[in-house]
Each structure stands twice: as structure tokens, then as C-alpha cells.
Amino acid sequence: MNSKMMKIAIPLLLSAALLSACGKSDTKTNSGAEHGGHGAHEAGEQQVGAGANQEKDVQAVFKLSSEKPRAKQDTGVSIQIAGKDNKPIESLDVSHEKKLHLIVVSKDLSYFNHIHPEDKGKGAFQISTQFPAGGEYKLFADFVPTGMGSMTKSQWITVQGDAAKAVALEPEANLTKTVDGKEVTLTFDKLQAGKAVNMTFNIKDAASKKPITNLQPYLGAVGHVVVLSADASQYLHVHPTDEKAAGPDAKFMTTFPASGIYKIWGQFQHEGKVFTVPFVVKVP
Ligand SMILES: [Cu+2]
């Protein structure tokens, strides 16, 4: 770690400490018994509370390689998973093939990036990334400390440079769209806040309209789905209900904590390429 990194570490650490001091967890983990079929998480969660290892006692300390990261320039992001006492939490479970998933979004949610920092050992992770424009971004680390449930810790950062024009988050009436030659339709069994919701992505070849039946596993499942509330305060955990499916349907389950506007990103792999399809919905 160079001295530049140490400098930025201090304000970020302070803000992380302030956030936790307020007792405001701004992320929502929805992994739990109501989902069923996610044995590893449930077994882990039953141990939470046995000692001091509760979700609120865990922090992800984000550090940037530059105090003032600039748009379109390589920026190092390091993440240390630690307890409240700042001692590293060294044992993390592999979930969806990785120990840590990093989601980066712009404030208006128009930019989305799902990346996997290199595991440096002892609960430390590192990656170099670029931000597309100036403005605020939120970083979410998604991980599972051994013996605990899946959790998400986040950090807002500011990137220098010309800002992109903010994109309004408008709920879409038509949930069919074409991305990378795939026509994807999203349906829900019953879209309602506070209730488990089944969501299905149906994937066709956009040109031939033929259903795609040979999706490849992505991160160990038929796909990976991230859901954020419009203000990026709520990060929802989403589980595939049939991990081994290969299309044309990919089914997931989640619970929207409150009514409002949410953005959903589905990520799938076909013929060696990952494609990401975003949708904006209004949950009654
Ligand atoms: Cu990931």
C-alpha cells in the first residue's frame, strides 16, 4: 500500500465509523428462511448472535488509490473486511463462486458494474477499475463471513471529472428489451412489497425469436441478479430458484422491502459471453 492510499483511507474510515455509529445499516439482506432452498446461508445464519459476530459488527473498509479519483482513469479499489475492532475478518465463504462480489453504480443507477476484486488473503481484496464520468458512485461489497449470513456493505465515493447527464429512473411499462442480440422479457408472479416475489427472465434469440435453451452457468447458477432501490439505499439479495436451468426461463426470488421504484439487472452467459439486461419497475 502506498502513502497515497493511506491518506484516502483515513476519511473513508472515519465516514464508515460514523455510519456504523448511527446504527444505520443502509443495506438490506434478504437472505433467510423465507426463501427456502438456500441451505448454506440458513445454516450460517442460525449461528449469528451466538457470539459478537453479528452483521452490524462487520465492516468493509473501502480505500481508493487516489484521494481524488478521476473519471476514465485507472483507480485502485481495496476492500478489507473487518470487525468493529478493525481486526480483519479472515475467513469468508465462497458464494456464487467468489468470496467477494463488488457492485459499482452511479447515483442515477445508469452505470452498473459487477466485478470481482482479487483475493489478497486475510479478508483483503483489490481491483483496478475506471469510472465512466464524474459524479457520485456507490460501491457495494457482497460477501459471507464464515458462520454468518450473506451481507452487503457499501460506500459512496465522489469521482472528479465531467458529469454525465443524469438519467431519470422511469418505471418501464414494457418489460421486454433486446440486449446483445437477446430478447429478454421479465415477468413477476405478483409484484408486491414485503412478500416473496418470483421473477422470471425469458430469453430468446432476438433475430430468430427462438428460445435460448443453452445458457451457460454464470457464477455457478443460471444467472445473477442485482436489485437496488431508486436511491441505492436498499441492495436486495436475489436467489435463483432453479440454479441448474439453462433457459429459456431463468427464475429468481426476492422480497422488495417497501413499495417504490427499483432497478433490476439480470446477468446471463451465452456462448462464452456475459450479457447484462437492466429493467426499472415500480413495486406497489
Ligand atoms: Cu459477483
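## Salt bridges

Glutamate 172 and lysine 177 join their side chains in a salt bridge, at 2.7 Å from N to O. The term stands for a side-chain nitrogen of Lys or Arg within 4 Å of a carboxyl oxygen of Asp or Glu. Glutamate 172 is partly exposed, at 28% relative accessibility; buried means under 20% relative accessible area, exposed over 50%, and partly exposed in between (1.4 Å probe, protein chains only). The structure holds seven salt bridges.

Another of these pairs is aspartate 119 with lysine 99, at 3.3 Å from N to O. Aspartate 119 sits in strand β5 (residues 118–121) and lysine 99 in the loop between β2 (75–83) and β3 (100–106), so the pair ties together parts that are 20 residues apart in sequence. Strands here are DSSP runs (E, at least two residues), numbered from the N terminus. Aspartate 119 is partly exposed at 38% relative accessible area, and lysine 99 is partly exposed at 29%.

## About the model

Please keep in mind that this is a predicted model, in which local features need pLDDT of at least 70 and side-chain atom pairs count only at pLDDT 80 or more, while totals for chains, interfaces and linings use all residues. Residues are numbered from 1 along each chain as its sequence is written, and side-chain values use heavy atoms, with hydrogens and water left out.

## The copper site

Which residues coordinate the copper ion? They are His101 (ND1), His114 (NE2) and His116 (NE2), at 1.8 to 2.0 Å. Along the chain, the donors follow the spacing H-x12-H-x1-H. Donors are N, O and S atoms within 2.8 Å of the metal (3.2 Å for Na, K and Ca); water is not among the atoms, so sites may look incomplete. Histidine 114 is buried, at 8% relative accessible area, whereas histidine 116 is partly exposed, at 23%.

## The cavity

The largest cavity is lined by 17 residues, with His96, Asp142, His224, His237 and Val238 nearest its centre. A cavity is a set of points, on a 1 Å grid over the protein atoms alone, where a 1.4 Å probe fits but cannot get out; lining residues have an atom within 4 Å of a point.

Domain 1 (3–159) and domain 2 (176–283) both contribute to this lining, so the cavity lies between them; the bounds come from an automatic or database domain assignment. Strand β12 (224–229) is one of the elements that supply at least two lining residues, and its three residues are the largest share.

Technical notes. 1 Å grid on protein atoms, 1.4 Å probe; cavity = no way out; pocket = protein on both sides within 12 Å on 5 of 7 lines; lining within 4 Å. Helix = DSSP H or I, 4+ residues; strand = E, 2+ residues; numbered from the N terminus.
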